[in-house]
Amino acid sequence: MESWTEWPSREAISREGLAVGRRTVGVGARLMGLGFALWFTFRNPVEPMTAARVATIVLVMLVGGLAFWGAVHFAKRMNPAGALICLAVTLGQAIILSVDGAPILGLVTMCVIAIRSVQQLPLIFAAPIVLLGGSVFVVVAPLGYSSWGNLITVFGLGVLGYVTRQDWEARAQTQRTLAQERALRTVEAESAALAERARIAREIHDVLAHSLSAQLVHLEAARLMLDSGAERDQVRERIVAARRMAQDGLLETRASLSALRGEFTPVGEFLAKLTKEESAQLEVVGTPRPLTAEAGVAVRRTAQEALTNVRKHAPGSRCSVRLSYLEDMVELEVVNQRGPGRGESTTGSEPASELSSELAAELAGSGSGLGLLGMRERAELLGGQLEAGPVPGGFRVLLRVPC
């Protein structure tokens with residue numbers, strides 16, 4: 001029963017998206033039908049056309065036209081009472097035309113009522129209008145025009161109205177689908193832009209956190225040296241190291257932006273250079289292959305963060321880096337073991353005992369897992385995982401990301 005009581009959608013009635021050519025053809029067909037009806041009415045009149053009869057026909061047509069316009073107006077606003085009243089007035093004008101010497105105009109008016117009521121009203125209202133109007137027209141039409149053919153014509157145009165209504169609904173559904181697709185593409189574009197901004201912000205944050213934490217180590221050590229009256233060359237060495245870290249941070253920022261555009265060196269070459277600088281051992285397992293920009297950046301950043309933590313918290317320990325190319329993912333493992341292995345620690349000739357408790361607390365705070373937390377979030381965003389924790393004799397960081 002829902003299909004009998006529902007109104008046509010507003011998109012269907014509004015005719016939005018209808019081609020200009022189709023609208024032109026529709027208007028032309030209506031005008032042509034009206035022209036033929038007027039021509040037949042006045043060319044071969046059923047009764048002599050006196051001035052009074054012509055004036056009556058014109059007046060009735062005007063009233064019927066206004067009433068029909070009102071019916072269309074109320075139908076668009078889904079007002080059944082107003083639409084039915086106006087259609088009743090229009091039907092009355094069609095009956096007057098039929099009994100007053102203009103049966104062709106009356107038949108055309110009834111056909112218009114039939115097709116438009118089915119197009120714009122719920123079928124529970126439109127079907128009785130078509131049945132009643134067609135039957136009444138057969139009864140009141142003058143002799144010679146009262147035929148079942150006219151009744152079939154009215155019913156046939158009612159069926160045509162239903163077909164065109166379905167066509168309008170199909171067109172309206174197409175328009176709604178297109179609008180939804182446009183809205184979806186807009187949302188997807190906005191989401192992609194936000195995700196890209198977040199990714200760029202995350203990359204720059206990781207680079208700056210890595211660079212600034214390393215600079216903090218050297219600058220704090222330089223301050224302690226000045227406070228303890230250390231040699232000028234030792235202090236200068238710390239300042240130069242901090243300056244080098246700042247330069248490296250700028251280079252890394254540029255490299256990160258290039259990596260986001262897929263313009264970075266292969267991960268294997270990057271790790272070879274990084275482990276050489278950190279005096280760590282590198283092992284590559286499997287057949288090297290190109291990685292996506294996201295996976296490559298995740299491996300680079302995790303290796304940097306892990307080696308930075310080793311340098312800050314376990315200077316002098318042995319460190320090994322293993323890069324494994326598995327079937328559907330890449331795995332990075334960074335393990336450091338306690339004991340001598342890298343030679344001179346990052347604190348240079350300064351004994352560890354000279355570091356104040358204040359510096360030790362600050363260094364511990366700077367490496368309290370926030371960097372690894374960021375790496376873990378990055379891995380999870382890529383559908384991978386990161387594990388970090390102590391192992392017998394040291395500490396291990398393990399990254400797995402799909403490639």
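## Whole chain

Start with the surface display: the protein has an accessible surface of about 22000 Å², and carbon and sulfur atoms hold 63% of that. Areas here follow the Shrake-Rupley method with a 1.4 Å probe, and for residues only the protein chains shown count as cover. The model is predicted, so local features need pLDDT of at least 70 and side-chain atom pairs count only at pLDDT 80 or more, while totals for chains, interfaces and linings use all residues. Residues are numbered from 1 along each chain as its sequence is written, and side-chain values use heavy atoms, with hydrogens and water left out.

Switch to cartoon. There are 13 helices and 5 strands in the protein; these are DSSP runs numbered from the N terminus, helices being H or I of at least four residues and strands E of at least two. Colour by accessibility next: 38% of the 403 residues count as buried (under 20% relative accessible area; exposed is over 50% and partly exposed in between, with a 1.4 Å probe and protein chains only). Of the contacts (heavy atoms within 4.5 Å) with a separation of 6 or more, 71% join residues 24 or more positions apart.

## Helices α5 and α6

Select 80-99, which is α5, and 103-120, which is α6. Their axes come within 7 Å and cross at roughly 160°. Axes are lines fitted to C-alpha atoms, for helices over the stretch in contact, and angles run from 0 to 180 degrees between N-to-C directions. The two helices are therefore roughly antiparallel (over 145 degrees; under 35 is roughly parallel, 65 to 115 roughly perpendicular and the rest oblique).

Show side chains on both helices. L87, T90, L91, A94, L97 and S98 of α5 meet P103, L105, G106, T109, M110, I113 and S117 of α6. The residues of this contact comprise 8 nonpolar, 5 polar and no charged. In this scheme Ala, Val, Leu, Ile, Met, Phe, Trp, Tyr, Cys and Pro are nonpolar, Asp, Glu, Lys and Arg are charged, and the others, Gly among them, are polar.

Stay on α5 and pick Q93, which lies in this helix. Is Q93 buried or exposed? Its relative accessibility is 13%, so Q93 counts as buried. Apart from neighbours within four places in sequence, Q93 contacts V60, V63 and G64.

## Helices α10 and α11

Move to 267-277, which is α10, and 293-313, which is α11. The two pack at an angle of about 10°, with axes 10 Å apart. That makes α10 roughly parallel to α11. On the α10 side the contact uses V267, F270, L271 and L274, and on the α11 side G296, V299, R300, A303, Q304 and L307. These residues divide into 7 nonpolar, 2 polar and 1 charged.

## Single residues

Which loop holds S279? Select S279 between α10 and β1 (281-285). Its phi is near 55°, a positive value in a residue other than glycine. S279 has a relative accessible area of 45% and is partly exposed.

Go back to M78, in the loop between α4 (51-76) and α5. M78 also is not a glycine and has a positive phi of about 55°. At 29% relative accessibility, M78 is partly exposed.

Finish at D167 in helix α8 (residues 148-228). D167 is partly exposed, at 30% relative accessibility. Draw a C-alpha to C-alpha distance from D167 to A12: the two are 8.6 Å apart in space and 155 residues apart in sequence.
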